[in-house]
Amino acid sequence: MTHHDHQDPRRRLPRVDALLADPAIVAAGRGIHPTLLKAAVQRSLAEARAGRLAPELLVGAVIERLPQHGTTLRRVLNATGVVLHTNLGRAPLHPDAVRALEAAAGYVDVEYAVEDGSRARRGRRTLEALLDRVPAAEDALVVNNGAAALVLAATTLAQGREIVVSRGELVEIGDGFRLTSLLESTGARLREVGTTNRTHLADYRDAIGPETGFILKVHPSNFSVQGFTSAVGVHELSTLGVPVVADIGSGLLEPEPTLPDEPDATTWLRQGATIVTASGDKLLGGPQAGLVLGRAEVVHALRRHPLARAVRVDKLTIAALEATLAAPVTPVLAALRASGETLRRRTEDLHGRLVAARVDAPVVEVSGLVGGGGAPGVPLPGWAVQLPAELAARLRLGRPCVVARIERDRCLVDLRCVDPTDDLLISEAIVAAASARH
Ligand SMILES: *Cc1c(COP(=O)(O)O)cnc(C)c1O
């Protein structure tokens, strides 16, 4: 062994059987199949060997990898202050939606009329609930996600034809997926008009012709262009005599006072959009889904297209979406609307509990974010407790897993997206993480 090897902490890694015999791992692994246990140990060791995991965090990492409740998906307390965090599964469901998921898990009448035993329209009561919330829509359709709604619209209305769209609205929706590639994959051609910062009604008018399938209006939900800008509104676009497909992204069904610049389905339909498409798990606060709302004949055409079967939504989504629509305030809206005053009081209470446990965690003013496709640049004033940056990894690997925000080498714990009933769990997690340091 060279001198260098002695210095390398990776050389100090325990063996697989030593880890399997660790009392904490033995305790956490009761009832778990030995193969899964061993796989968790091997994966964690591989991470440590690759230098991505500190050796002293190994045991915690193995325990965190063990499946609970049949899924290895781990519950996360979102202390980032980012309401819609795509990597954390976007919208947390309302408890009623969670109960609805459970109710729908077995056999259900999702596509069946108990009255006479005949086939019924899939998820009809969820569609009715959607139309009750958006009377401006004549009909509605629910598919797998917002991207699927757009693909279905493009395939049905513009395959082999043109989609007229402003260059200022050609967004990348995340993880390298671009709206342009998505739409072109349907066999529609994009007819781009205007420039990044300015597009006028005449640009659209000049581009419209016999090849036009529809005009696409996109709300750029993850960025905003500032300065010398102009875009054409749905109202004007609807005067051009071709269908207008309007992608609001965020899923607001009616205006939300805390986000005055965010479009909503009702307003854009009233302004003349033929159909509006949206996500279910952004500002609507429901399960992953894509909504299509608007003119009956167009929604009908989308529903009848063979592709609709490939983007069909499952019974769990149908159930959770219906419960979400009935909930007075979703967790997403509650987090969005949480007042600075309430957040400050909760953060000070947290600070008090930490001080009592001799953890130094000053209260600082921070700005939260809507995140994940909604209201770019709209700051949400709030509060956080500030911890040393190295606590972030311990909080992530603790039980429960707490994901905090790292900003300028500080670890910030923001309670905006934490259910108030979990505040105590957060302080316990911080105390545990802080004491593990010594
Ligand atoms: C998020 C978003 C999409 C994609 O919706 P998914 O539900 O994530 O598939 C499409 N368009 C816009 C404007 C969006 O914000």
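## Packing of H8 against H13

In this predicted model, helix H8 (residues 146–158) packs against helix H13 (residues 296–304) at an angle of about 100 degrees, the axes lying 9 Å apart; helices (H or I, at least four residues) and strands (E, at least two) are DSSP runs numbered from the N terminus, and axes are lines fitted to C-alpha atoms, for helices over the stretch in contact, with angles running from 0 to 180 degrees between N-to-C directions. H8 and H13 are therefore roughly perpendicular to each other, where angles of 65 to 115 degrees count as roughly perpendicular, under 35 as roughly parallel, over 145 as roughly antiparallel and the rest as oblique.

The contact (heavy atoms within 4.5 Å) involves Leu-152, Ala-153, Thr-156 and Leu-157 on the H8 side and Val-298, Ala-301 and Leu-302 on the H13 side. By class it comprises six nonpolar residues, one polar and no charged ones, with Ala, Val, Leu, Ile, Met, Phe, Trp, Tyr, Cys and Pro counted as nonpolar, Asp, Glu, Lys and Arg as charged, and the others, Gly among them, as polar.

## The seven-stranded sheet

Seven strands form an open sheet of mixed pairing, in the order E4-E12-E11-E10-E9-E5-E8, two strands being paired if DSSP finds at least two bridges between them. Strands E4 (139–143) and E8 (189–193) stand at the edges with a single partner strand each, so one side of each is left without a neighbour in the sheet. Direction ignored, neighbouring strands of this sheet are turned by 25 degrees against each other on average.

Within the sheet, E5 (residues 162–166) and E9 (residues 212–218) pair in the parallel sense over four bridges, and Ile-163 stands opposite Phe-214 in E9. H8 packs on the sheet, with E4, E5 and E9 among the strands it touches, and its direction makes about 155 degrees with that of E9. H13 also packs on the sheet, touching E4, E11 and E12, and its direction makes about 30 degrees with that of E4.

## Backbone features in loops

Most residues other than glycine have a negative phi, and most peptide bonds are trans. Arg-90, although not a glycine, has a positive phi of about 50 degrees, and this residue lies in the loop between strand E1 (76–79) and helix H6 (95–103). A cis peptide bond, with omega about -5 degrees, joins Arg-399 and Pro-400, the latter lying in the loop between helix H18 (391–397) and strand E15 (401–407).

## Basis of the values

Residues are numbered from 1 along each chain as its sequence is written, and side-chain values use heavy atoms, leaving out hydrogens and water. Because the model is predicted, local features need pLDDT of at least 70 and side-chain atom pairs count only at pLDDT 80 or more, whereas totals for chains, interfaces and linings use all residues.
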